[in-house]
Amino acid sequence: MAESIPSPDITKTYTNGEITVVWKPAVCIHSKLCWTQLSEVFNPRERPWVKMEGAGTEQIIGQVDRCPSRALSYYRNEENLQPGNIQAESIVEPLPNGPLLVYGNLTVKSNDGQETKKSKVTAFCRCGASSNKPYCDGSHVKVNFVG
């Protein structure tokens, strides 16, 4: 039986009135940091899996900021944040046995010339097994990638 892969355009939002957490399932690399470090908010065994009332705004922000793939992000409800406005130093970090993380604003150009703007952190596949290349989809775990 083939595993279901989320459509790249699916986006889910959860709000507590102060901030809105945005989740892009197709980008998620299943690092488990969100639900192992803040299970009061993030619990994949429940629906909805994000319960914004489980912690304070700053605690949620801190956890979302630790998401390595940026599948989770947030914005303050009073802001109109544009990705191009995010300033960050460019840093490249290979995760052990996982994706290549690139921090900062960048443009990813596909084989057909299409350009996609990325900001904060982008996770690129290193194992070759992702079905969402050039981005990581967590396949490195299934293929026991070492690198």
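A residue is termed buried under 20% relative accessible area, exposed over 50% and partly exposed in between (1.4 Å probe, protein chains only). The structure is a predicted model, in which local features need pLDDT of at least 70 and side-chain atom pairs count only at pLDDT 80 or more, while totals for chains, interfaces and linings use all residues. Residues are numbered from 1 along each chain as its sequence is written, and side-chain values use heavy atoms, with hydrogens and water left out.

Ser 130 counts as buried because its relative accessibility is 4%. Ser 130 is located in the loop between β8 (121-124) and α3 (139-142); helices (H or I, at least four residues) and strands (E, at least two) are DSSP runs numbered from the N terminus. Its side chain reaches the backbone oxygen of Tyr 135 at 2.6 Å and the backbone nitrogen of Asn 132 at 2.9 Å. Apart from residues up to four places away in sequence, Ser 130 touches (heavy atoms within 4.5 Å) Cys 125, Tyr 135, Cys 136, Asp 137 and Ser 139.

An open sheet is formed by three strands in the order β1-β2-β3, with antiparallel pairing; strands pair if DSSP finds at least two bridges between them. β1 (12-15) and β3 are the edge strands, each pairing on one side only. From one strand to the next, the twist averages 25°. β1 and β2 are joined by four bridges, and Thr 15 stands opposite Thr 20 in β2.

Leu 72 touches Val 21, Val 22, Trp 23, Cys 34, Phe 42, Trp 49, Val 64 and Cys 67, residues up to four places away in sequence not being counted.

Technical notes: Axes are lines fitted to C-alpha atoms, for helices over the stretch in contact, and angles run from 0 to 180 degrees between N-to-C directions. A polar contact is a pair of N or O atoms within 3.5 Å; within protein, one must be able to donate a hydrogen and the other to accept it, and residues adjacent in sequence count only if both atoms are side-chain atoms.
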